[in-house]
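Hi there,

Here is the structure I promised to pass on to you. Have a look at it first, and then read my notes below.

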Amino acid sequence: MRRDSNILNNIDWLTLFIYGILVIMGWLNIYASVYQEGAGMNIFDFSLNSGKQLVWIGSTIIIFFIIVTIDFQFYESVSYILYGLILFMLIFVLLFGAKVSGARSWFEIGSFFKIQPSEFAKFITALVVARFISTPGFRFNSKRQLVMVSALVLIPILLILLQPDPGTALIYFSFLIVFYREGLSPLVLVIGLLFVMIFISTLFINQLYIIGAIVIIAAISIALAEKTFKKISSIVIIMLLTIGVTFSVDYFQSNILKPHHQKRLRVLINPDSDPLGDGWNVTQSKIAIGSGQFWGKGFLNGTQTKFDFVPEQSTDFIFCTLGEEHGYIGTSLVIILFIFLIMRIFTIAERQKSRFARTYGYAVGAIIFFHFMINIGMTIGLFPVIGIPLPFFSYGGSSLWAFSILLFILLKLDAHRMQIFVR
Amino acid sequence: MNDSSKLIIRIGVILVGVIFLIKLLSIQVLSDNYRLAAENNIIQRIIEYPYRGLIHDRKGELLVINNPMYDLMVVPMEVEVKDTAEFCGMFGIDKETFIEKYNDARDYSVIKPSVFIKQISNEEFARIQDKLINFKGFYIVARSVREYPHPVLANALGYVGEISKGQLDRDTTRYYRMGDYIGISGVESSYEEILRGQRGVKKRMVNVRGVEQGLYKEGRLDTMSVPGNNLVATIDLDIQQYAEKLLAGKVGSLVAIQPATGEILSIVSAPSYDPNILTGREFSENFQVLSLDTLNPLFNRPIMAMYPPGSMFKTIQALIALQENVIDKDELIYSDGRLIGDLAPIGYYDVEEAITYSSNNYFFKVFRRIINQGEDPSPYIDARFGLEKWRNYVVKFGLGVTLDIDIPNPKSGYVPTVGYYDRVYGQNRWKFSNIYSLSIGQGETLVTPLQMANLGATIANKGYFYTPHIIKSVDDKGLPDPKYLVKNEVGIDSVHFNAVINGMEEVVRSGSGRRAYMTNIAVCGKTSTVENPHGADHSGFMGFAPKEDPQIAIAVYVENAGWGGRAAASISSLVIEKYLTGEVKRTWLEEFVLKGDFLY
C-alpha cells in the first residue's frame, strides 16, 4: 500500500476539530468561573486558572506533534513497559504522594507542577488491554485469558481505590464496553448492571428485604423453569451468589466507601435530605444550570459561579458555568459535540484493520463516554457527586494532557490504518 | 464477534445524550424555579425599618416617641466564634441558648441573616459595639421601640408588639413580614396604617459567604423607608395626668369630652400601668404579669366596662318624656315613695326638681307614661309599643350601640328590647310592672363610662353630639377622620334641655352632687349610686361645665366607692376645675379623693 508522504494528510481532522472546539470552550468557561467583576482580570493572566490552562493547551500542540512523529508501532510495543511504569508510579504515589483532600493521588514537584498518575493510567491501561486482546488466539471464552485481561484493569482500580479515589476508579469500568465489543458475553454487562443496582439499593433498603426479594425471584424462576436438577441448582447457585454480593456490598460500603461517599449516593436520590451539607453541591449546581434558562445569562454574567455558590467550578463543576452563562443553547451544543465526538471515535475504531487499534479506539471512546456521563450526570443530579473531570473542558493539566494523549494516539494509529496487514 | 454489539454501544451512548438533553430541557427551559432560586441565593434584602409616627397631645406635648434599639443578626455561614463563653457573657445568655439560637438560624438559612438577639438597648449596644468585631457573622440592625415620656394613657394608646403568626396569616395586604412590629391595641392598633410608615427595602448581591457584591440591578428596585405619620391626640396631658393621679389606687374610669367637638380631653382606666413596661425585651414577661393581675389593668374600662347607668339615666327619661309630651315642664307630680324605694322626700316635683332630688317615684311615674301611652287597650301590648318608642330615643343617645371611637373594641352596653322581654317572660306576658326598674337606670340597661360622658356632652350641646374620638389630626392635616365631623342629633328639641340642665345645676348646688360645687364655675351634673349585687355600690357622676357655653363634659365611675356624690362627683369636679382654671384650689377635696376612703 502506498504510504502517504505527509502523515498530517491522514489525520482525522474532524475529530481534532471537535477536540479543539471543546478545549477552547472549556478555556473560556474556566475564565468565567474564576472571573471576579471589577477586578481588572485578564484571561491570559498566568496566575489565573485560565492563564495556566492556556499553557496546558499550548503544550498539547507539542504533545500532538511528538505523538504524530513517533512510529505508530511504538505504542503497541511499549504498552507493557508503560503499564509496568504506571503501576510503579501508582504504588509510589500511595507511599510518597501529597495528600490532597484526603487522597494520595498527586505528586507535587515544586509548587507549580503537580501530576496525577491515575489520569495517565487510563490511556496506558487502554494500550495494554488493546495489546493483550490483540494477542493472536485471545478469546474471552478462555477463562484464563478473561481473568488475565480483567486483572490488567483491576490492578490499577485497586491501587486507585487505595488512594482512595473511587471516582477515577469507577472510570475503569468503561473497559466493560470494550470487552463487550471484543466478544465478552453481554451477560457480564447485565450482571455488572445488576451489581450496580443492588449496590445502590442497599444504600436505601434494608439488606434483609433485598435478600427476601432475591429469594422470591429465585423461587418464581424455579417454579417457571424446567424442573431439571441442573437448572434448579444453577438458579440456587446464582441466588446464593447474589446474596453474597449484597453482603460484600455491605462490607464495601461500611469499610471501603467513606461516609461522605455514602452520603453523596443518598443525596442523589433525595437532595433535600441534606440541603446544606452534601446536597448543597448538587442543589447549587442544578440551580446554576437551571437558572441559565434557554439563552443563558451571558458570558461572565453567571451569579452562581461568580459568587462561589458552585464548588469546584473550574474543574469538576465546569458544566455549571456553561449551563448558567450559555443556557440550553450552550449545554445542548456541548452534549451534541460530545456525543458526536464519541460516535466519531467509535467510527474510527471500527475502520481499523488491526485488532489492537480497534480495541484501543473503543477504550478511548468508552473512557471519554464514562467521564462525560458521570460528570454531566452529576451536575444535573442524575449521578452521585463523584469528583472526575469533564474531558477537554475541565481545568487541570494532568487531565487535559491525559485526555489529549489518549485521543492523539488513536489519531496516530488511525492515520496508519492502511499500513496494517491483517494478521 | 457479533456485529450487534457496536450498534448497542452506540444506542447506549445516544440514549445517555438524549436523557441529558431532556433533563436539561426540563431544568433550564421548562422550569422557572432554578432562576428564582439563583436570585434568592444572591439577593440579600436589607430592610430599613421606618420610624413609627409620634403622638402628641392637643397642646403639642409628646405622648409617644421612638427609642432606638438594636437587633443582633446572624449569618450562620459567616460565623466564627472562637470564645463562645465570652460571647455568651456579653449578651447574658447561656451556652445552651446560644446553640439553640444558632441552630434555629441555620435551619432557616445558612446564608441569610436571621435575628439572633432581639431588642438590644442603646446602653447595651454601646457596651458591646467594639467587641462585636471579634465575632464574625454577627451584626447589628437598627430598629426602634416605643417610649412614653409620661407614663399615662396606657390602655388608650395601646402597645406595639411583634406580629403574631395568626395576624400574619390574616394579613390580606401582604404588607407584614415575620418579626415586624404592629400596633396591637389602643390607638397603636386603630391608627396602625397611618403610624407604621412604609418599609424600605434595599437589595444587595452577596456571594456564598454573605460578602456584599454590590447593588442588585444597580439599585433600581430599592425603596426608601417612609416614616409613619405623626398623630395629634385630643388628650390634654395636664388633665390626663391629673385625672390618673386622682384615680390612682381605685378601680374605675373617667372620660372627659369637649362637647363642641367630641374630642376626648382625658380618658382614664384605673388601675393602669406604666406603658413603658410593654416595650422592649421585657414585653412578654411584663405582659404576663399584667394579664394575671386580678384587677385586670389591661382591661380598658372607660370603653369596655359596663355598668347600670343609675340615676344619671333620669336625665334621658326626662328628655324623652318632654319630647313625647307625656309631661309638661312645669307639671307637678306627687311622689310619695310608695311605688319604688326612694331617698327623695315626699312631695310634688316638677321635672327640674325631680332631677335635683333624684326622685325615683317621679321617674317611675314618668316612665310609666312613656311606656303606657294608650296605643292599645291591653297593657301588655301597650308596653310593647311604649318600650319600642322609648328604646328608639335611648339608642339615639348612643346607648345600646357602639360609639365609633378610634380605640378598638368599644362595648355597646345594653338597652333591652321588646324581644328580650319576650324571651324572658314570654310574648305579651310582660308589661310596665315588669320593666319599671329601667325608669331609674337600673335593671337590664348597661352603659359604658364613655357613653355617659357622651350623654353629658349631648346635654351640654342641648341635643346633639360628635362621636367621641381621641385623635384630632393626622400630621398637619388638621382634621380628624371625617366621621368625627358628623353631627349626631338625638331627636330631642333643644328647648327641653333647659329644665334638665337647670335640675343638674341644682344637683351640684344643693343636691347629691354638692361636692362638685364651685363658686366660680357653674357645674351641671347628676350622680349615680349604682346598685351592685356583688359588693359595695359603684359611685358614678355625669356632668358638664360651665353651664353657659360648656367646655367639658365628664363621666366618672368608681367601683365599690358607694355614693355617686362622693368619689365620682369629687373627682369630676376637680378635673373640671383643673381644666377650666388650670389649677386646683380646693386642696381639701383633692386630699379627700386621694385618700380614697369613700365608704367611711
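Chain B has 22 helices and 20 strands. Please keep in mind throughout that this is a predicted model. Of the 600 residues in chain B, 43% count as buried. If you take the contacts in chain B with a separation of 6 or more, 71% of them are between residues 24 or more positions apart.

Chain A has 16 helices and three strands. Its length is 423 residues, and buried residues make up 43% of them. Among the contacts of chain A between residues at least 6 apart in sequence, 67% join residues at least 24 apart.

A word on confidence in chain A. The mean pLDDT of chain A is 83, with 88% of its residues at 70 or more. Among the elements of chain A, helix 14 has the highest mean pLDDT, 94, while helix 11 (residues 259–269) has the lowest, 64. Where pLDDT is low, the predicted coordinates should not be read in detail.

Now to the place where the chains meet. Chain A brings 36 residues to the contact and chain B brings 28. On the side of chain A that touches chain B, at least two residues each come from helix 7 (175–181), helix 12 (278–291), helix 13 (303–306), helix 14 (318–350) and helix 15 (355–379) of chain A. Which helix of chain A gives the most to that side? Helix 14 of chain A does, with eleven residues. Sorted by class, this side of chain A has 20 nonpolar, eleven polar and five charged residues.

Two packed helices are described by the angle between their axes and the distance between the axes.

From helix 10 of chain B, the residues involved are B:Ile239, B:Tyr242, B:Ala243, B:Leu246 and B:Leu247, and they meet B:Ile571, B:Leu574, B:Val575, B:Lys578 and B:Tyr579 of helix 21 of chain B. That contact has nine nonpolar residues, no polar ones and one charged.

The other pair is helix 13 (residues 313–323) and helix 15 (residues 360–371) of chain B, with axes that come within 10 Å and cross at roughly 45 degrees. These two helices of chain B are therefore oblique to each other, and the crossing is left-handed. Helix 13 of chain B uses B:Lys314, B:Gln317, B:Ile320 and B:Ala321 here, and helix 15 of chain B uses B:Phe363, B:Val366, B:Phe367, B:Arg369 and B:Ile370. By class, the contact between them divides into six nonpolar, one polar and two charged residues.

Finally, one residue to look up yourself: B:Gln44, in strand 1 (residues 43–48) of chain B. B:Gln44 is partly exposed, with 19 other C-beta atoms within 10 Å. Although B:Gln44 and B:Met205 are 161 residues apart in sequence, their C-alpha atoms are 6.0 Å apart in space. Leaving aside residues up to four places away in sequence, B:Gln44 touches B:Lys112, B:Arg204 and B:Val206.

Notes
Residues numbered from 1 in each chain as written. Chains lettered and ligands numbered in written order. Predicted model: local features only at pLDDT ≥ 70, side-chain atom pairs only at ≥ 80, totals over all residues. Contact = placed C-beta atoms within 7 Å. Helix = DSSP H or I, 4+ residues; strand = E, 2+ residues; numbered from the N terminus. Nonpolar A, V, L, I, M, F, W, Y, C, P; charged D, E, K, R; others polar. pLDDT = per-residue confidence, 0-100. Buried ≥ 20, exposed ≤ 12 C-beta atoms within 10 Å, placed from the backbone. Axes fitted to C-alpha atoms, helices over the stretch in contact; angles between N-to-C directions. Parallel < 35°, antiparallel > 145°, perpendicular 65-115°, else oblique. Left-handed = near helix turned anticlockwise from the far one by under 90°.
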